[in-house]
Amino acid sequence: MKVRVSAPGKVILSGEHSVVYGYPALVTSITLRANVTLDNKVSGLFVNPSFARQLVSEGLNKIDGILGVKFNNLKVNIDSEIPIGCGVGSSAAVAAALSGAVLHLKRLPFNLKRINELAYEIEKINHGNPSGVDNSVSTFGGFLWYRKEAEKLKILNKVNPLKMIPNIVFVNTGKPKETTGEMVSFVSEKYIRNKRIVERIFLNIEKVTRGFLKYLLKEETIEFSDLIKENERYLEELGVVSISVKDLIGKIEKIGGAAKISGAGGLKVNSGILMIYHPDKFKFLKFAKEKRLDILPAKFSAKGVKIERK
Ligand code: MEV
């Protein structure tokens with residue numbers, strides 16, 4: 001039997017890093033997907049691409065530990081449109097799609113809550129201490145308000161925007177040298193050293209996250225670009241934006257735009273994806289062409305994990 005399941009990548013509007021410490025995050029799935037195809041008409045475990053073998057086999061072991069289903073003979077094929085390690089949730093999408101595919105292959109209920117729990121366990125292999133926001137939005141799709149109250153209590157609420165978010169462009173500044181896990185540890189060391197300062201930054205980020213929510217629900221007239229700028233400042237204070245990316249964001253602001261990193265960020269050279277707003281999208285696209293920026297062809301909001309026709 002062969003099954004194919006896909007799940008979307010994500011963009012965090014606000015709340016990256018602080019979400020690990022129990023502050024809220026507002027996040028959306030995006031229109032780029034990872035597909036996982038499972039075929040059990042083989043003998044042995046085959047994983048394509050081969051660099052994903054360890055993650056897949058550890059992930060399957062975890063799933064086996066939870067569901068009690070063995071996977072001795074399985075061909076796992078992953079094909080994904082989501083850039084790897086750039087803050088757009090590639091690993092969480094694979095984790096959600098793999099979890100869904102296993103349930104489907106074993107003819108178990110395709111239950112989103114269950115898929116999310118399994119994907120969270122797989123994310124722990126990747127990052128050690130994930131908040132669970134990435135796997136949740138990849139599983140459930142759409143816009144999500146997320147808060148991790150405790151390991152076993154996470155608040156997830158779908159958000160139905162009453163307002164369109166216009167003129168957004170995503171630019172990939174490139175894969176950071178640091179992994180998400182390393183960036184999370186970097187912030188955690190800073191938190192231990194300067195708890196008061198970091199908590200103040202997190203509280204400020206929470207205000208911005210709530211600002212984004214009120215913008216989407218039309219509860220307050222807030223400039224979307226101000227929210228992005230403010231959020232970026234706090235992420236810079238946290239130290240998760242590289243110098244070259246700060247410089248690029250400064251140039252985008254100079255031509256009338258606003259930009260923020262999204263996801264874990266990066267220290268040395270790149271910082272992954274940038275979410276950019278410009279009131280005149282064509283002016284920004286001209287600038288992007290001149291600067292040879294790498295535009296990611298993605299849009300906000302997409303369906304969560306789903307079974308694909310083979
Ligand atoms: C990564 O996409 C978001 C972080 O907040 C880590 C996490 O929430 O697990 C940096």
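Visitor: How do α1 and α2 lie to each other?
Guide: α1 and α2 are oblique to each other, because their axes cross at roughly 50°. Under 35 degrees counts as roughly parallel, over 145 as roughly antiparallel, 65 to 115 as roughly perpendicular, and the rest as oblique. This is a predicted model: local features need pLDDT of at least 70, side-chain atom pairs need 80 or more, and totals for chains, interfaces and linings use all residues. Residues are numbered from 1 along each chain as its sequence is written, and side-chain values use heavy atoms, without hydrogens or water.

Visitor: Within what distance do the axes of α1 and α2 come?
Guide: Within 11 Å. Axes are lines fitted to C-alpha atoms, over the stretch in contact for helices, with angles from 0 to 180 degrees between N-to-C directions. Helices are DSSP runs of H or I, at least four residues, and strands are E runs of at least two, numbered from the N terminus.

Visitor: Left-handed or right-handed, α1 past α2?
Guide: The crossing of α1 past α2 is right-handed: the near helix is turned clockwise from the far one, by less than a right angle.

Visitor: Which residues of α1 and α2 meet?
Guide: Leu60, Ile63 and Leu67 come from α1, and Leu98, Ser99, Val102 and Leu103 from α2. Contact means heavy atoms within 4.5 Å. This contact has six nonpolar residues, one polar and no charged. Asp, Glu, Lys and Arg count as charged; Ala, Val, Leu, Ile, Met, Phe, Trp, Tyr, Cys and Pro as nonpolar; the others, Gly among them, as polar.

Visitor: Switch to α3. How do the axes of α1 and α3 cross?
Guide: The axes of α1 (residues 53-67) and α3 (residues 112-127) cross at roughly 135° and come within 9 Å. That makes α1 oblique to α3. α1 passes α3 in a right-handed crossing.

Visitor: Which residues make the contact of α1 and α3?
Guide: On α1, Leu55, Glu58, Gly59, Lys62, Ile63, Ile66 and Leu67. On α3, Arg114, Leu118, Glu121, Ile122, Lys124, Ile125 and Asn126. The contact of α1 with α3 divides into seven nonpolar, two polar and five charged residues.

Visitor: What do the buried residues of α3 pack against?
Guide: α1, α2, α4 (133-140), β5 (143-150), β6 (153-159) and α5 (180-193). The buried residues of α3 include Ile115, Tyr120, Glu123 and His127.

Visitor: Now α6. How far apart are its end C-alpha atoms?
Guide: 31 Å for α6 (residues 195-216), which agrees with the 32 Å its 22 residues should span at 1.5 Å a residue. The expected span is 1.5 Å times one less than the number of residues.

Visitor: How do the axes of α5 and α6 cross?
Guide: At roughly 120°, coming within 5 Å. That makes α5 oblique to α6. Val187, Lys190, Tyr191, Ile192 and Arg193 of α5 meet Lys195, Val198, Glu199 and Phe202 of α6. By class, this contact has five nonpolar, no polar and four charged residues.

Visitor: What follows α6?
Guide: Lysine 218, with a positive phi near 55°. Glutamate 223 is in the loop between α6 and α7 (224-238). Glutamate 223 counts as partly exposed, at 48% relative accessibility. The C-alpha of glutamate 223 is 14 Å from that of isoleucine 276, 53 residues apart along the chain.

Key:
Buried < 20%, exposed > 50% of the residue type's maximum accessible area, 1.4 Å probe, protein only.
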